[in-house]
Amino acid sequence: MDTWKDAFWLAKMEWKKSWIGIFSLFFILLAIAVMYTVVWNDGDQLPSIFIDIAFLLLFGLVPYMIRSKELQYQKVDGEIWGSPFFMMLNTLPIDKEVLIKSRLVQALFPGLPFQLLFLILFSPMLLESMEILEYIAFMLIWLVFGIASAFTYAASDIGDRITPMMLLVWNIIIYGGVTLILVWFYVKTDTGIVGISLEAAKAFPIRSMAVSGVIAVSGYYYCKHYMVKKMKKIDYLK
């Protein structure tokens, strides 16, 4: 329990440095909520691609972008990439368990509460066509996506040696992969990614919640194991 207490203390240091980003995230959320509410009240529907982009940004990217520059993943020295703040903490006499847990905690907040608030804001509109259990399943699907993204960012803070060629290949894989997935959804289905998740929540609410729970727990332990292994392997001074 003491390790979690210390981890939260370390994470709070970073939240304080990112207060401008947190403040900005609130207004981003407010702007999206107003835009969607106006459209819904007019009886229209935004094209699914715009809904998908808003969800993917809010749950996958915006919580990372609000972190201050020195906390973000970046080139540190030579071929070493990672979070400069983490690498500084790693040189201090801090228990590795505390350090790793602080990464996971810091990555989840403040993004997770804002994501939950975002889903609650739209619950009155979506509950017109969904049962409460189905909407809870829909919420869990997207919250787990946000959690998985956060854990990925936390794991990347550890750092790695990346050559220019590796960087190019990874950019092609990540951005090309996301583009191909989006194109596939819009070619093969009448609805986008959000629409598919709505259909899954309606058709299989209990299963969706169970799978979401398993993914969240598995993601935590996998990322923690990866971070421990990576910290032992990488030579930050080389």
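**Aromatic rings, then spaces**

Tutor: The count comes to 12 aromatic pairs, where rings of Phe, Tyr and Trp (its six-membered ring) pair if their centres lie within 6.5 Å. This is a predicted model, where local features need pLDDT of at least 70, side-chain atom pairs count only at pLDDT 80 or more, and totals for chains, interfaces and linings use all residues. Residues are numbered from 1 along each chain as its sequence is written, and side-chain values use heavy atoms, with hydrogens and water left out.

Student: What kind of aromatic pair do Phe 55 and Phe 118 form?

Tutor: A pair of aromatic rings is described by the distance of the centres and the angle of the planes. Planes under 30 degrees apart count as stacked, over 60 as edge-to-face and the rest as tilted. For Phe 55 and Phe 118 the values are 5.2 Å centre to centre and 75° between the planes, so the pair is edge-to-face.

Student: How many residues apart in sequence are the parts that this pair of Phe 55 and Phe 118 ties together?

Tutor: Helices are DSSP runs (H or I, at least four residues), numbered from the N terminus. Phe 55 lies in helix H3 and Phe 118 in helix H7, residues 111–121. The pair therefore ties together parts whose separation in sequence is 63 residues.

Student: Which kind of pair do Phe 59 and Phe 118 form?

Tutor: Their rings lie 6.0 Å centre to centre, with 70° between the planes. Phe 59 is in helix H3 and Phe 118 in helix H7, 59 residues apart, and the pair links distant parts of the chain. The pair of Phe 59 and Phe 118 is edge-to-face.

Student: Is Phe 59 buried or exposed?

Tutor: Buried means under 20% relative accessible area, exposed over 50%, and partly exposed in between (1.4 Å probe, protein chains only). Phe 59 has a relative accessible area of 1%. Therefore Phe 59 is buried.

Student: Which residues form one aromatic cluster?

Tutor: Phe 55 and Phe 118 are both buried, and both belong to the cluster. The members are Phe 55, Phe 59, Phe 118, Tyr 135, Phe 138, Trp 142 and Phe 145.

Student: With which side chain does the side chain of Ser 197 make a polar contact?

Tutor: Ser 197 lies in helix H11 and is buried, with a relative accessible area of 7%. A polar contact is a pair of N or O atoms within 3.5 Å; within protein, one must be able to donate a hydrogen and the other to accept it, and residues adjacent in sequence count only if both atoms are side-chain atoms. At 2.9 Å, the partner of Ser 197 is the side chain of Trp 142.

Student: Which helix gives the largest share of the lining of the largest pocket?

Tutor: A pocket is an open set of points on a 1 Å grid over the protein atoms alone, with protein on both sides within 12 Å along at least five of seven lines; lining residues have an atom within 4 Å of a point. The largest pocket has a volume of about 1900 Å³ and is lined by 45 residues. The largest share, 12 residues, comes from H9.

Student: How much space lies in the largest cavity?

Tutor: In a cavity, a 1.4 Å probe fits but cannot get out. The count comes to 1 cavity of 30 Å³ or more. H9 gives the most to the lining of the largest cavity, with 6 residues. The space in the largest cavity is about 150 Å³.

Technical notes. Points joined across faces, edges and corners; volume = space filled by probe spheres on them. Helix = DSSP H or I, 4+ residues; strand = E, 2+ residues; numbered from the N terminus.
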